[in-house]
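Here is a short briefing for a reader meeting this structure for the first time. Look over the sequence and the model, then read on.

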Amino acid sequence: MKHFTMEELTRSDTARSKGIDNTPTPEHQRNLVEMVESLIDPMREQWAIRCAHEQLGTPQLRVSSGYRSGALNAAVGGSATSAHSFGYALDLVPMNGQFRQFKNFCREFLKNRKFDQMISEDEDAYGTPQWIHVGYKNSQGYQRRQFLTMRGGAYITMTA
């Protein structure tokens, strides 16, 4: 992994505050590495090119939610089948604050790649998300190539 560490993929303030062990199993660690090396690192590298070309500032991405153990996933109200619990999803925040540009970039980057879901999460009325969820595979290992938007707690298919 070039741009991310296992620590940042598994760090959780909720786990820390509630005393929840969020240590991934060896299988979940392998899934995290597979996802980052196959999809997230290349995404980060292309985002850096975009940021330089369009003068958007730092291309650094913060993982706001990565791997979640079963106990942590339950504590945050995650779905029982959440890809986060299998080491196959990350919620990403662009550190340059360019949320809409990052959303558009992710959609463009992912359109011809294997992935499960891109969700533009908690969007406002202008289409600006709070973070971007990128799922590499779902809990059954499928890659459905879904582009979704979440507004007001409802998930809808992302429009062009």
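## Fold at a glance

The protein chain has 5 helices and 6 strands. This is a predicted model. Along the sequence, the elements run in the order α-α-α-β-α-β-α-β-β-β-β. The radius of gyration is 15 Å, close to the 15 Å that the globule rule gives for 160 residues, so the protein chain is as compact as a globular protein of that length.

**Size and packing**

- Taken along the principal axes, the C-alpha atoms of the protein chain fill a box of roughly 40 × 35 × 30 Å.
- Of the 160 residues in the protein chain, 47% are buried.
- Among contacts with a separation of 6 or more, 69% join residues 24 or more positions apart.

**Surface and charge**

- The protein chain has an accessible surface of about 8,300 Å².
- Carbon and sulfur atoms account for 47% of that surface.

**Cysteines**

- How many disulfides does the structure hold? The count is 0.
- A disulfide is a covalent bond between the sulfur atoms of two cysteines.
- To count here, two cysteine sulfur atoms must be within 2.5 Å.
- For Cys51, the closest cysteine sulfur is in Cys106, 10 Å away, which is too far for a bond.
- Seen from Cys106, the closest cysteine sulfur is that of Cys51, again at 10 Å and too far for a bond.
- Cys51 is buried, with a relative accessible area of 2%.
- Cys106 is buried too, at a relative accessible area of 0%.

- Most residues other than glycine have a negative phi.
- Gln55 has a phi near 50 degrees, a positive value in a residue that is not glycine.
- Where is Gln55 found? Gln55 sits in the loop between helix H3 (26-53) and strand E1 (61-65).
- Gln55 is exposed, and its relative accessible area is 73%.
- Asp122 is not a glycine either, yet its phi is positive, at about 55 degrees.
- The loop that holds Asp122 runs between strand E3 (117-121) and strand E4 (131-135).
- Asp122 counts as partly exposed, at 36% relative accessibility.

Definitions and conventions
Residues are numbered from 1 along each chain as its sequence is written. This is a predicted model: local features need pLDDT of at least 70, side-chain atom pairs count only at pLDDT 80 or more; totals for chains, interfaces and linings use all residues. Side-chain values use heavy atoms; hydrogens and water are left out. Buried means under 20% relative accessible area, exposed over 50%, partly exposed in between (1.4 Å probe, protein chains only). Helices (H or I, at least four residues) and strands (E, at least two) are DSSP runs, numbered from the N terminus. The radius of gyration is taken over C-alpha atoms; the globule rule is 2.2 Å times the number of residues to the power 0.38. Contact means heavy atoms within 4.5 Å. Accessible areas come from the Shrake-Rupley method with a 1.4 Å probe; for residues, only the protein chains shown count as cover.
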